[in-house]
Amino acid sequence: MPALRKAALLLASATMLTLSTTAPALADDKPDDGQPKPPSSMSTVGGARLGKPGTQVRLKQGAPVLPKDLSARSWMVSDAESGEVLAAHNAHWRLPPASTLKMLFADTVLPKFPKSQKHEVKLSDLEGVGAGSSLVGIKENETYTVHDLWLGVFLRSGNDAVHVLSAMNDGVQQTVKDMQEHAEELQALDTHVVSPDGYDEKGQVSSAYDLTLFARSGLQKKDFREYCSTATAQFPGETKKITKGKDKGKTKRGSFGIQNTNRLLTGADGVSAYKGIAGVKNGSTTNAGNTFTGVAERDGKVLLVTVMNPSSGEPHAVYKETARLLDWGFEAADKVEPVGELVAPKGATGSGKGAPGGGKGDAAAKMAHTSGGGSSGMGVALGVAGGVVLLLGAGAFVLRRRMPLPGQAGRRTPRD
């Protein structure tokens, strides 16, 4: 009997060991933390590996390992120039996007109105702004320029500014329709738009892959680059009657300072500003957790990183995990095989790999000097650290000195 019992114990121990060593490993060798799990298969837009759950990376000899302290449900590191995806984790997991969806809103609506256009706000313009929304402080019966409204969208993530611009664009429903059509044009097929501001709504989802496409498309536009790299600005206040002095009885409209909520840009709240950061957009809601897409440049390399819903509990984890992935990406850029690519928009005619647009030679150069750009994805100009503008023509970037340093842009108030 003792011999049989001993044999049984040995068999049980061996079985437990087998289970522990052959069970599917979680991404980054992390234990099951009770968090929701990604679908077993996802979209394969951009490459088959991007449709697989877990971390996807192909390290060459001498490549740095990925950071171990990553807790985001989904993230992706990609080269903004070539479109190569350097590494990804659940890249196509459809998750609530929060205010990072405002990148799609801006990419869709920004080209429609000149920044000098003025609009007097009606009470109806502000209808439907969700409870607890982030606001820039727009007041009814006050007049704002389109430029003012975009500062409110990009710096303060103001849902009130989004709704006013949507009202100018024939209403929220029309804007949602336009955004959805533009997402499909960009081949951002994980995205379902319900509200233009990213506020939690049933069925509203996007993915790290799609958010990166939105950022890359938006950064083609000069105004988009300017707004997303601006750290501080003055915003129009409320018109009030003067009650004292020689101007008593007259009215005066003041202004107040606003600061970008992107802490990697501003270095606020204990988060170190990231060297070379040039935007793009952060978000936070109950359903989405914290989300962020950032673009940065170092030694001529331009990277895009998207992080969705970290669960570590680390203060400002979305920014810190983004910074770690950027650091890794700059070090690993030439030491990894890509696991996928950022696809071109449906209407693009360029033949370059991952090219958001087409055009060659003089035609492409001419595009670089347009300030707004359309929503077709044709011609990329990305202003980043070092004062460089990157123009994409048939997949090849050409350097042109035209834009200010992002740091300089952040220290001034953009003007009409």
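Me: What does the accessible surface of the chain come to?
Reply: About 18400 Å², and 52% of that belongs to carbon and sulfur atoms. Accessible areas come from the Shrake-Rupley method with a 1.4 Å probe, and for residues only the protein chains shown count as cover. This is a predicted model, where local features need pLDDT of at least 70, side-chain atom pairs count only at pLDDT 80 or more, and totals for chains, interfaces and linings use all residues. Residues are numbered from 1 along each chain as its sequence is written, and side-chain values use heavy atoms, leaving out hydrogens and water.

Me: What's the mean pLDDT of the chain?
Reply: The mean is 81, with 76% of residues at 70 or more. pLDDT is the predictor's confidence in each residue, from 0 to 100.

Me: Where does pLDDT stay under 50?
Reply: Over residues 7–31, and also over residues 355–416. Where pLDDT is low, the predicted coordinates should not be read in detail.

Me: New topic: how many helices and strands are there?
Reply: The chain has 11 helices and 15 strands. Those are DSSP runs numbered from the N terminus: helices are H or I with at least four residues, strands are E with at least two.

Me: Why is helix α2 largely enclosed by the rest of the structure?
Reply: Because eight of its eight residues, 102–109, are buried. Buried means under 20% relative accessible area, exposed over 50%, partly exposed in between (1.4 Å probe, protein chains only).

Me: And D178, buried or exposed?
Reply: D178 is buried, at 14% relative accessible area. D178 sits in helix α5, residues 172–185.

Notes
Contact means heavy atoms within 4.5 Å.
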